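Trainee: Could you take one ligand site in this model and go through it closely? I want the contacts, the cover and where the surrounding residues come from.

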Amino acid sequence: SMSPPVLYCIAQLLDVAELISRLEAVMGEFSQRGAGLVQPVRSVVPLQKHGGFLGLMPAYLAHEDILCTKMVAFYQREQGSSLPTTQATVLLFDPVSGVVSAVMDGEVITARRTAAVSAISAKLLMPRHAEILCLLGSGHQAVSHYEVFTQAFTFKEVRVWSRSKERAEEFARAAGGPVTVCPSVKEAVEGADVIVTATNASEPLLFGKWVKSGAHVAAVGACRPDWRELDDDLMRDAVVYVDSREGAAAESGDVILSGAEVFAELGEMINGSMPAQRDKTTVFKSLGMGIQDAVSAKLVYDKWKSQQ
Ligand SMILES: NC(=O)C1=CN([C@@H]2O[C@H](COP(=O)(O)OP(=O)(O)OC[C@H]3O[C@@H](n4cnc5c(N)ncnc54)[C@H](O)[C@@H]3O)[C@@H](O)[C@H]2O)C=CC1
Ligand SMILES: O=C(O)C1=NCCCC1
């Protein structure tokens, strides 16, 4: 039997505009809870000895016949560690036979689809005429959110804060446009219209008292039930949206420990069954979903195939 292709340099194969449109469709379909879409909540295997986790993220999309799973290892690293926080591999299958059609690097898929989902949320929830984007963290997700958000929207100012000033300065140098490096979270977020939290923190670092009324927060980190990025005030005062209610109830420390009510899923807003409360302060709590990886992997595979 033939070995499946192993696709590693896939950045050119995953177009952001196409990805956003596929993600909008699949997130809407997910929130209808139809039988055509099968995606269990992520299985997470704790690696207590090593401060890490292995997440398994299978999904089957019957309408498009996409069968996929991502395997993602994520670790809380010591500051200054050269090892990545997140490492992922994606397997795409032929659902007719069960044969693996392709093995793919999950890094680009994870970075880009997460930022694209946040952009879908921001499009619906950020203040009209948003001018200031603030990124907390300067890692992979901060970079992909910078790229996707500055491609999708126009901001007058982009700010970054990171634990390490040097990393924040490096981020600003590498960015494709002007970025202001801020010395503290407070100074970074004050007056910001859109705030992306993309850190590996397990304690709150973004406090509601600093957040401008009406701002939109895309909260990407804190993916364990006892990890936080946002404080109770922010969670309770904001209208809270999630990617998946089941996912948030199982994995989001910010939701579980604050006791905040989840107002709606992103897909419910997309479907129009729940409103986008753009005038209020809003939080989109993102955990990541297998269906997002599945549509991404299919786009990559189809583009690769078309070039063979
Ligand atoms: N919602 C989703 O779909 C996804 C969420 N994630 C999560 O997003 C977060 C960021 O991931 P990557 O950018 O890939 O990681 P990364 O390692 O590239 O960057 C992590 C950033 O967090 C900062 N950081 C780490 N610990 C911190 C702390 N205690 N306080 C403040 N800053 C801290 C680091 O300095 C760095 O800037 C992780 O928590 C990861 O698990 C990752 C992939 C998808
Ligand atoms: O959706 C993902 O991919 C991840 N979510 C949170 C943990 C790291 C990977």
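**The site of ligand 2**

Mentor: The side chain of Arg 113 puts an N or O atom 2.8 Å from an oxygen atom of ligand 2. That is a polar contact (a pair of N or O atoms within 3.5 Å; within protein, one must be able to donate a hydrogen and the other to accept it, and residues adjacent in sequence count only if both atoms are side-chain atoms). Keep in mind that this is a predicted model, where local features need pLDDT of at least 70, side-chain atom pairs count only at pLDDT 80 or more, and totals for chains, interfaces and linings use all residues. Residues are numbered from 1 along each chain as its sequence is written, chains are lettered from A and ligands numbered from 1 in the order in which they are written, and side-chain values use heavy atoms, with hydrogens and water left out.

Lys 70 also meets an oxygen atom of ligand 2, with a side-chain N or O atom at 2.5 Å. Arg 42 faces a nitrogen atom instead: its side chain has an N or O atom 3.0 Å from that nitrogen of ligand 2. On its own, ligand 2 has 270 Å² of accessible area, and the protein covers 90% of it. Such areas come from the Shrake-Rupley method with a 1.4 Å probe; for residues, only the protein chains shown count as cover.

Beside Arg 42, Lys 70 and Arg 113, the residues around ligand 2 are Met 57, Val 72, Phe 74, Thr 110, Cys 223, Leu 287 and Gly 288. Each has a heavy atom within 4 Å of the ligand. By class, this shell has 5 nonpolar, 2 polar and 3 charged residues. Here Ala, Val, Leu, Ile, Met, Phe, Trp, Tyr, Cys and Pro are nonpolar, Asp, Glu, Lys and Arg are charged, and the others, Gly among them, are polar.

Where does the shell come from? Strand S5 (66-75) and helix H2 each supply at least two of its residues. S5 gives the most, with 3. Helices (H or I, at least four residues) and strands (E, at least two) are DSSP runs, numbered from the N terminus. Domain 1 (8-109 + 291-306) and domain 2 (127-288) each contribute at least three residues to this shell. Those bounds come from an automatic or database domain assignment.
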